[in-house]
Amino acid sequence: MHRPAPLARLPHFPSQDAHTCLTAANPPAAQQVCAAACAAIGVFSRSAAAQCRAVHAGALGEVVKAMRLYTADGELQQNGCFALARLTAGTVELSLAKEVVIEGGPEALMHAMRLFPRRLELLRQATQALRSLVTSTALSTEFLDESLITTAEFLLTPPAARPTESFRA
């Protein structure tokens, strides 16, 4: 019986992750890889089982990290919102919802919405992710920042139903 040859060991960089090495070698390529990875994570996370696998593999943290690192890249921000929307779609389990909040998902979504208010698909995906988190029965409102809840509720209210008077402090 023929046995395959063992795979060669890849070099280990204890103080650097793959993204750090790629960024040092070619910053624009790293940005493109991150944008494509966010889109792929969104496509992959179609089912609850896939969502859990992606989160346990560290995808959630990497999406948020990429969104924080490349704030000026509209495509990456949109793909990040897509990935977070897919990771939070459906009935969000308590552990997953907490992980999204702990990793900074809501802040990343809100920041992307502020940076790119004219990208309708980005806004739709970000709002979908926020809606999933806010309406999740598993996640208590005390775990979420009150301003996030207020902002998300405002965004989810149809424009015609929003109050017309301005808010005053």
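## Packing of H4 against H5

In this predicted model, H4 and H5 pack with their axes 9 Å apart, at an angle of about 155°. Because angles over 145 degrees count as roughly antiparallel, H4 is roughly antiparallel to H5. The crossing of the two helices is left-handed.

On the H4 side the contact is made by Leu-60, Val-63, Val-64, Ala-66 and Met-67. H5 contributes Leu-76, Gln-77, Gly-80, Cys-81, Ala-83, Leu-84 and Leu-87. By class, the residues of this contact divide into 10 nonpolar, 2 polar and no charged.

## Packing of H5 against H7

H5 also packs with H7, at an angle of about 140° and with the axes 10 Å apart. That angle makes H5 oblique to H7. The crossing of H5 and H7 is left-handed.

Gln-77, Cys-81 and Leu-84 of H5 meet Gly-105, Leu-109 and Ala-112 of H7 in this contact. Its residues comprise 4 nonpolar, 2 polar and no charged.

## The nonpolar core

The largest nonpolar core has 35 residues, and Met-67 and Leu-84 are those with the most contacts inside it. Two or more residues come from each of helix H2 (27-44), helix H3 (48-56), helix H4 (59-69), helix H5 (74-87), helix H6 (94-103), helix H7 (105-115) and helix H8 (120-135). In soluble globular proteins, nonpolar side chains tend to be buried together.

With neighbours within four places in sequence left aside, Leu-84 is in contact with Leu-60, Val-63, Val-64, Met-67, Gly-105, Leu-109 and Ala-129. Leu-84 takes part in the contact of H4 with H5 and in that of H5 with H7.

## Ala-108 in H7

Ala-108 lies in helix H7. Its relative accessibility is 9%, so Ala-108 counts as buried.

## Ser-45 between H2 and H3

Ser-45 is placed in the loop between H2 and H3. With a relative accessible area of 1%, Ser-45 is buried.

Not counting residues up to four places away in sequence, Ser-45 touches Ala-50, Gln-51, Ala-54, Arg-86 and Leu-87.

Key:
Residues are numbered from 1 along each chain as its sequence is written. This is a predicted model: local features need pLDDT of at least 70, side-chain atom pairs count only at pLDDT 80 or more; totals for chains, interfaces and linings use all residues. Side-chain values use heavy atoms; hydrogens and water are left out. A nonpolar core is a set of buried Ala, Val, Leu, Ile, Met, Phe, Trp, Tyr and Cys residues joined through side-chain atoms within 4.5 Å. Buried means under 20% relative accessible area, exposed over 50%, partly exposed in between (1.4 Å probe, protein chains only). Helices (H or I, at least four residues) and strands (E, at least two) are DSSP runs, numbered from the N terminus. Contact means heavy atoms within 4.5 Å. Axes are lines fitted to C-alpha atoms, for helices over the stretch in contact, and angles run from 0 to 180 degrees between N-to-C directions. Angles under 35 degrees count as roughly parallel, over 145 as roughly antiparallel, 65 to 115 as roughly perpendicular and the rest as oblique. A crossing is left-handed if the near helix is turned anticlockwise from the far one by less than a right angle, and right-handed if clockwise. Ala, Val, Leu, Ile, Met, Phe, Trp, Tyr, Cys and Pro count as nonpolar, Asp, Glu, Lys and Arg as charged, and the others, Gly among them, as polar.
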